Amino acid sequence: MGIHSGVVIELSQVHFGPAGFPADARGKIERVFQILVDAGMNALEYAAVHGLRTSEDRAKQIGNLARQHNITMSMHAAYYINIASKDPQIRERSRQRLIKALKFAPLMAVKRIVFHPGTFGGLSPEKAHIVMRDSLQSVWEEAGHLGKGAFLAPEIAGKLSMFGSIEQIIKLCQDVDGCIPTIDWAHLYARRQGKMTDKESYLKVFNQFENELGKLFLDNMHFHISAITFTEKGEASHKPFGGEWGPDLYPLMEIVHEVGYKPTFICETPNPLEGALYAKFLLEEIKKV
Ligand SMILES: [Zn+2]
C-alpha cells in the first residue's frame, strides 16, 4: 500500500471568486489575496477593463501571491476592445491589447483572458465573424505561445446589438486556435428577455456548448454570474443575488452538482465578493440535499 492510499486528492474542483479586487483591500494586493483566502474563495478575475496598466513588477507580484494562495487567475481585458470596428486603428489597437494581455498572462498566473469581441462594425454577422476570426487567429499566431497556456475567452454579450450570441461565440471558438467560451449567464438571460428560468433551459445551453466544443468546453468552463435587469435591447444593469432579479442560480447549481461539472464562477454583482460567497453557499447547500 502506498503512502497515499485512502487519500482522495481532488484534482479539479469548482472555483468561485469575484470580478476585480475586493473593495476592502483598498488596492493592497497582499490584502486582496488574504481576503479571498479568508472568505474561502479560490478564484479571481483581475479587472483590466480600462486597459492593462499595471507594471511588470506588480504583475509578477500578483502572480506570485495567486500561486502562494492557490487562487486561480483570469483577466478581464479592456472594455473598448472592438475587433471588427469600422476604424482600422481601433481594430489594430484591439489586437495589440489582446497581445499585451497574453504577454502579461504568465506573469500574473492568468489562464483565461476574457474579452468582449465588440460591435459588428456595420457588417453582417457573417462578415463580422470573418473579420474577428482572422484578427484573433493573427493574435494567436503572433502571441499565443507567450501566454504559456492562457486561453482567449470571448464572452456572451449582454446587448443584442453586440457580437456574442451563443452561436457566434461557439463559432469563434471552433474557428480560432486558443479560444474558449466565457458563458455570462446574466447576459444570456438578458438577451433572452428573461426566458431562461428552469433547469431544462440551462441544460440546453450546456448541451449546445458540449456538443459543439466537446472537451475544449468541458475542461475549461468559465462562467460569469450576476443578477441583472434588461430592456428589449438586452442587459441594463447588474444587481445582487437574492432579490427580485433573475436569472435564478438554483437550477444552474443543481446541474453543476448533478453532472459534476467543474466550472470557475466569477461573480459580477455590485459587490462581487458577497455574490461569489452567495453562489458558493448555494452549491454547498444543494450538495447536502
Ligand atoms: Zn461578464
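Biologist: Which residues in α4 do Arg 91, Arg 95, Leu 98, Ile 99, Leu 102 and Lys 103 in α3 meet?
Modeller: This is a predicted model, where local features need pLDDT of at least 70, side-chain atom pairs count only at pLDDT 80 or more, and totals for chains, interfaces and linings use all residues. Residues are numbered from 1 along each chain as its sequence is written. Helices (H or I, at least four residues) and strands (E, at least two) are DSSP runs numbered from the N terminus, and contact means C-beta atoms, placed from the backbone, within 7 Å. The partners in α4 are Ser 135, Ser 138, Val 139, Glu 142 and Ala 143.

Biologist: At roughly what angle do the axes of α3 and α4 cross?
Modeller: Axes are lines fitted to C-alpha atoms over the stretch in contact, with angles from 0 to 180 degrees between N-to-C directions. The axes of α3 (residues 88–104) and α4 come within 10 Å and cross at roughly 35°.

Biologist: Which strands stand at the edges of the open sheet?
Modeller: The four strands run β1-β10-β7-β6 with parallel pairing, where a pair needs at least two DSSP bridges. Two strands have a single partner each, so one side is left without a neighbour: β1 and β6.

Note on methods:
Contact = placed C-beta atoms within 7 Å.
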